Amino acid sequence: MNNILFWAASFALLCFALGMVFAAIRLLRGPTAQDRVLALDTLYINGMLTMLVFGIRSGTSVYFDIALLIALFGFVGSTAMARFLLRGEVIEP
């Protein structure tokens, strides 16, 4: 791996980890439920991007598959939370 790419990936991982820390703080201290849902969305997006950068650094495709699963479950989870906040139920009878 190129030395510049290694340092750029390391800096990106540091930035994503910092973003995850701030999102976790907002998730725990958020004054409203909407803030918590937005923090959860930020957490799963940063987690997905972290896995992608790990995949670039290591050169294996396992991390890309994990990132795809995180994106899929995160989207379904945030959609369910949005429906719950809007209507009070996730599955309509």
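A residue is called buried under 20% relative accessible area, exposed over 50%, and partly exposed in between, with a 1.4 Å probe and protein chains only. By that scale Arg 26 is partly exposed, because its relative accessible area is 41%. Leu 5 is partly exposed too, with 40%.

Now some ground rules. This is a predicted model, in which local features need pLDDT of at least 70 and side-chain atom pairs count only at pLDDT 80 or more, while totals for chains, interfaces and linings use all residues. Residues are numbered from 1 along each chain as its sequence is written, and side-chain values use heavy atoms, with hydrogens and water left out.

On confidence: pLDDT is the predictor's confidence in each residue, from 0 to 100. The chain has a mean pLDDT of 90, and 96% of its residues reach 70 or more. Helices here are DSSP runs (H or I, at least four residues; strands are E, at least two), numbered from the N terminus.

Next, the packing. Axes are lines fitted to C-alpha atoms, for helices over the stretch in contact, and angles run from 0 to 180 degrees between N-to-C directions. Nonpolar means Ala, Val, Leu, Ile, Met, Phe, Trp, Tyr, Cys and Pro; charged means Asp, Glu, Lys and Arg; the others, Gly among them, are polar.

What about helix 2 and helix 3? Their axes come within 8 Å and cross at roughly 175 degrees. That makes helix 2 roughly antiparallel to helix 3. This contact divides into 17 nonpolar residues, six polar and one charged.

Back to the two residues from the start. Both Leu 5 and Arg 26 lie in helix 1. Leu 5 is 52 residues from Arg 57 in sequence, yet 8.2 Å from it in space, C-alpha to C-alpha. Arg 26 and Ala 39 are 13 residues apart along the chain, and their C-alpha atoms are separated by 6.0 Å.

Last, the record. An unreviewed UniProt entry lists residues 6–25, 37–56 and 62–86 as "transmembrane region". In the model, residues 37–56 are 100% helix, with end C-alpha atoms 29 Å apart. Residues 62–86 are also 100% helix, and their end C-alpha atoms lie 36 Å apart.

Key. UniProt positions are given in the numbering used here, feature names are shortened, and annotations may be inferred rather than shown by experiment. Angles under 35 degrees count as roughly parallel, over 145 as roughly antiparallel, 65 to 115 as roughly perpendicular and the rest as oblique.
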